[in-house]
Amino acid sequence: MKTISVINLKGGVAKTITSINMAHILSSVYGKRVLLIDNDKQGNTSKMFGYDTYDIKTIADVLTDKNLDIIDAIMPTDNENLSIITANMNLLRANLDILLDQTQQQQTRLKEALSPVSDKYDYCIIDNAPDINMSVINGLAVTDDVIIPIKVDQYAFDGLEVLKEQIEEVKQYNPDIKLVGCLITMYQKSTVNNEGKEWLENQSQYPVFKTFIRRTTKVDETTFTGEPLIIHAPKCTAAKDYISFVAEYLERQI
Ligand SMILES: Nc1ncnc2c1ncn2[C@@H]1O[C@H](COP(=O)(O)OP(=O)(O)OP(=O)(O)O)[C@@H](O)[C@H]1O
Ligand SMILES: [Mg+2]
């Protein structure tokens with residue numbers, strides 16, 4: 001199982017949209033077995049798949065209940081190759097509980113919890129919160145590939161340095177973690193977008209995907225319909241861009 005973390009300390013940069021659509025494309029276009037993990041108390045990914053409830057086991061239970069069978073937290077979606085571990089506001093409490101309980105390893109709980117199912121999936125995609133907390137550190141501690149969605153605006157590059165430091169720090173638990181690339185999202189033709197994009201492409205500190213995701217209102221619509229983009233609007237720019245992005249990601253794996 002290859003584990004991918006979609007992360008940026010900035011909010012609203014399309015982490016969730018990228019995680020959902022990448023997971024859906026890997027499972028539906030490539031036939032891969034994918035486990036999607038909602039690692040954000042906002043639960044946006046969970047809601048997109050119709051899970052807006054406190055009646056099921058979530059990532060909070062995975063991180064705090066050592067007797068939990070991980071299978072009990074893995075929920076089906078309409079796509080048989082795509083399963084999900086959901087999140088809700090219980091993750092707020094779970095983050096505190098992890099800090100308070102020093103009797104177990106704090107950073108590698110997710111890694112340990114996922115190991116029994118790692119043969120059942122080809123990819124695990126983690127949609128992280130715009131934060132560095134214990135659940136995000138647990139996400140990074142089990143991650144092979146980091147993808148950073150970036151929306152080009154005045155604050156676009158804030159927090160990148162801190163995130164890079166955090167990735168370095170996590171190497172003590174997970175030496176093979178790798179930043180595979182920044183993905184420009186919500187791109188629209190404008191001077192500021194072009195200048196930001198050019199700056200990012202010409203610097204050498206962070207790798208950048210050649211593919212960028214264009215802005216379209218179709219993406220907002222999917223947050224209401226709960227459908228992945230290539231089902232809701234297969235011909236829209238962002239659907240095509242996400243297909244190209246996943247192809248580019250897979251090419252980089254060779
Ligand atoms: N390509 C796009 N075109 C237009 N709107 C987009 C695009 N990608 C994302 N959005 C919109 O931007 C908003 C934020 O997206 P999303 O929820 O994926 O960001 P996020 O980084 O996960 O946010 P948070 O930090 O709150 O978790 C949503 O309303 C979404 O519909
Ligand atoms: Mg999100």
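For the class counts below, Ala, Val, Leu, Ile, Met, Phe, Trp, Tyr, Cys and Pro are nonpolar, Asp, Glu, Lys and Arg are charged, and the others, Gly among them, are polar. The model is predicted.

**Exercise 1. Describe the lining of the largest pocket by class and by element.**

Solution. 
Step 1. Sorting by class gives 11 nonpolar, 12 polar and seven charged residues in the lining of the largest pocket.
Step 2. At least two lining residues come from each of α1, α2 (44-48), β5 (123-128) and α9.
Step 3. Among the contributors, α9 has the largest share, with six residues.
Step 4. The volume of the largest pocket is about 560 Å³. Its lining has 30 residues, and A14, I17, M186, V219 and T223 are the closest to the pocket centre.

**Exercise 2. Determine which pocket holds ligand 1, and characterise the shell of residues around the ligand.**

Solution. 
Step 1. Ligand 1 takes up the space of the largest pocket.
Step 2. A residue counts as near the ligand if one of its heavy atoms lies within 4 Å of it. Around ligand 1 there are 18 residues, and V13, K15, T16, I17 and D220 come nearest.
Step 3. By class, this shell divides into seven nonpolar, six polar and five charged residues.
Step 4. Two helices, α1 (15-28) and α9 (217-225), each give at least two residues to the shell.

**Exercise 3. Characterise the second largest pocket by volume, lining and class.**

Solution. 
Step 1. The volume of the second largest pocket is about 210 Å³.
Step 2. Its lining consists of 13 residues, with V62, D65, K66, R109 and A113 nearest the centre.
Step 3. Two or more of the lining residues come from each of α3 (59-64) and α5 (109-114).
Step 4. The class count for this lining is six nonpolar, two polar and five charged residues.

Key. Residues are numbered from 1 along each chain as its sequence is written. Chains are lettered from A and ligands numbered from 1 in the order in which they are written. This is a predicted model: local features need pLDDT of at least 70, side-chain atom pairs count only at pLDDT 80 or more; totals for chains, interfaces and linings use all residues. Side-chain values use heavy atoms; hydrogens and water are left out. On a 1 Å grid over the protein atoms alone, a cavity is a set of points where a 1.4 Å probe fits but cannot get out, and a pocket is an open set with protein on both sides within 12 Å along at least five of seven lines; lining residues have an atom within 4 Å of a point. A molecule sits in a cavity or pocket if more than half of its atoms lie within 2 Å of its grid points. Helices (H or I, at least four residues) and strands (E, at least two) are DSSP runs, numbered from the N terminus. Grid points are joined across faces, edges and corners, and a volume is the space filled by probe spheres set on the points.
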